[in-house]
Number of protein chains: 2
Amino acid sequence: MTKSRDITITEVALRDGSHAIGHQYTLEQVTAVSKALDEANVPYIEVSHGDGLGGSSQQFGTSLTDEMKLIEAAVSVSKQAKVAVLLLPGVGTMKDLRQAADIGAKMARVATHVTEADVSPQHINLAKELGMETVGFLMMSHMAPVAKLVEQAKLMESYGADTVYVVDSAGALLPYEVRERIRAMRQELTVNIGFHGHNNLSLAMANTLVAIEEGATRIDGSIRCLGAGAGNTQTEVLIAVLERMGLNTGVDLYKMMDLAENIVAPILKKPQEIAKDSLVMGYAGVYSSFLLHAQRAAKQFDIDSRDILIELGKRKVVGGQEDMIIDVASEIAKRQKIVNA
Amino acid sequence: MTKSRDITITEVALRDGSHAIGHQYTLEQVTAVSKALDEANVPYIEVSHGDGLGGSSQQFGTSLTDEMKLIEAAVSVSKQAKVAVLLLPGVGTMKDLRQAADIGAKMARVATHVTEADVSPQHINLAKELGMETVGFLMMSHMAPVAKLVEQAKLMESYGADTVYVVDSAGALLPYEVRERIRAMRQELTVNIGFHGHNNLSLAMANTLVAIEEGATRIDGSIRCLGAGAGNTQTEVLIAVLERMGLNTGVDLYKMMDLAENIVAPILKKPQEIAKDSLVMGYAGVYSSFLLHAQRAAKQFDIDSRDILIELGKRKVVGGQEDMIIDVASEIAKRQKIVNA
């Protein structure tokens, strides 16, 4: 009966959106949102800690509710929707993935840094053994040149991923950069291509439309923008825009608008917006976890934290290299002393 | 000393943003924002009631502070910036414009519905006589086909406008629609071309970048998105994006970020976001003033107000034709009865 979908949406408010509320989702909230998403005919609903299965920790933020209970709840109310989980190898384990599959998760999205696809084959293989649809999720995609990204995407394809995503974790990609990335991947890959945008530079929608123009058919959205940084491509708005463009998502626009207004908006303490920290993160192209370190170093050396972040972005510093922040701050302070001398 | 600007920004938070706070700007707020904008080297600061000079009224919303006092305050703290005023012939008068010029406004933006440029020549002429830079501002630009828009823009050019703007009042234009409009205008006009975007479909930034690609050099932005509907292209984010693209606005990014965070954000009761009403407005392409009428008619006929608004958009109903709303509602109700019978 249903017309085939031109674009297949994965709703991430119950995973990426978890960042926006400090991982404090209740069972009732996840049940209500999942039920409404299912009724609106959204095909995939991602449910996990913001940093993926096993993310609940002092380092990443402790979840109010056990994520397996949340996954179970989403599965229990989904008549047509499939529940997806995110897994970062090293954060989540094979055991977590088995448990998620046992309780009914049907899609595994295996996420690595854009240059580290080679840590994902075991998890992708296990997901396939478990009968799950698999997605390779290349995070911080702005940090690799196009050729490197394509190479990593092909690795994930070779491991058996059904779809490979360009993930703009820092909301740092400009539209032309999305265009060249998706175009190159479309030429080199045979699997589905996906795009996951963040709105730190107010470009989530622009980048999503460019990705679609270039052949991406799997798109992530987040109702009411609920996500890390400045949030994601706003799903209900995306549905409206794609309808205006004549592209079918199979998702009911009015139901999504009502869900956004009546169920999701009240969950947020304050609306998502592009504030200073998320803007700097997108402009510099750095991890959000660098912000606090940079602010501390800036105070110590009496410089502007933004100068540190921009320099870290230029040097393509990655998570785990936080000790470089002090070095960079010290160099900037020295340089500025010379200029001002 | 200053490198010439590739893109010339007009900040509209103190005019369009007035809608977002119910026209309740205080003298202190306008003074503080204008001073910071001037220090950040923003070239034009628009100050007026949200509906332009003379807009303060029961119909459009009563201003807390006399707009002439606000204009005076902005002028008094602007060392390099020029203060602009908006004027809708029929709302604002020639007398208002003289008064604004007398107290130091240097730019007049004369705004008409996209098909009614012919009501603007007297005001454009007067502005020129007063020594003001003049802008023709074609509102609800999505409602006219490209050829009609170009014809109207050429009228404004012939009256002496130094710049003609495509104004996406309802936030309804899609990127390809902006592209064809600006491209056609660039081919047919010799004056500057401007773009004023709204974010109802999360496309303000996308549309602005497309406009720039096609030759628009005058761009409106609003700090922290402060504007009617879902707000405008967010200025401080736009500055960041244009810097990343190598385009010079002459505006200091850090100062704009600080202004947004420390002065503008505290003015707002809650952050701007894309909520149900503004999304419907952008999707349907209708005036915000239709929303309440449609909601009332929907209740009366027991139908969905969104169906009414979408039909009004299709019929290109304009302000002043509010009596059509009941007719449309009645027709939809009849049609739905037949379908459900």
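Visitor: Helix H5 (residues 146-159) of chain B packs against H6(B) at an angle of about 45°, with the two axes 9 Å apart. Why is H5(B) called oblique to H6(B)?

Guide: Let's start with the rule: angles under 35 degrees count as roughly parallel, over 145 as roughly antiparallel, 65 to 115 as roughly perpendicular, and the rest as oblique. The angle here is about 45°, so H5(B) is oblique to H6(B). Angles run from 0 to 180 degrees between N-to-C directions, and axes are lines fitted to C-alpha atoms, for helices over the stretch in contact. This is a predicted model in which local features need pLDDT of at least 70, side-chain atom pairs count only at pLDDT 80 or more, and totals for chains, interfaces and linings use all residues; side-chain values use heavy atoms, without hydrogens and water. Residues are numbered from 1 along each chain as its sequence is written, while chains are lettered from A and ligands numbered from 1 in the order in which they are written.

Visitor: Which residues of H5(B) and H6(B) meet?

Guide: From H5(B) come B:Val146, B:Leu149, B:Val150, B:Ala153, B:Lys154 and B:Glu157, and from H6(B) come B:Glu180, B:Arg181, B:Ala184, B:Met185 and B:Glu188. Contact means heavy atoms within 4.5 Å. By class there are six nonpolar, no polar and five charged residues.

Visitor: What is the arrangement of H6(B) and H7(B)?

Guide: H6(B) spans residues 175-188 and H7(B) residues 204-213; their axes come within 9 Å and cross at roughly 25°. That value makes H6(B) roughly parallel to H7(B). H6(B) brings B:Pro175, B:Val178, B:Arg179 and B:Ile182 to the contact, and H7(B) brings B:Ala206, B:Asn207, B:Val210, B:Ala211 and B:Glu213. Their classes are six nonpolar, one polar and two charged.

Visitor: What makes H10(A) and H10(B) roughly antiparallel?

Guide: The axes of H10(A) (residues 253-264) and H10(B) (residues 276-284) come within 10 Å and cross at roughly 155°, so these helices are roughly antiparallel to each other.

Visitor: How many residues of chain A are in contact with chain B, and how much area do the chains bury?

Guide: 40 residues of chain A are in contact with 40 residues of chain B. Together the chains bury about 3,600 Å², 60% of it on carbon and sulfur atoms. Buried area is the accessible area (1.4 Å probe) that two parts lose on being put together, summed over both. A:Arg244, A:Tyr254 and A:Tyr283 supply 21% of the area that chain A buries against chain B, more than any other three residues.

Visitor: Why is the meeting of B:Glu273 and A:Arg224 called a salt bridge?

Guide: A salt bridge is a side-chain nitrogen of Lys or Arg within 4 Å of a carboxyl oxygen of Asp or Glu. B:Glu273 and A:Arg224 meet at 3.1 Å, N to O, so the pair qualifies. The count between chain A and chain B is eight salt bridges.

Visitor: What is the phi of A:Asn41, and where does this residue lie?

Guide: Most residues other than glycine have a negative phi. A:Asn41 has a positive phi of about 70° although it is not a glycine, and lies in the loop between helix H2 (27-39) and strand S2 (44-46) of chain A. B:Lys316, also not a glycine, has a positive phi of about 55°.

Note on methods
Helix = DSSP H or I, 4+ residues; strand = E, 2+ residues; numbered from the N terminus. Nonpolar A, V, L, I, M, F, W, Y, C, P; charged D, E, K, R; others polar.
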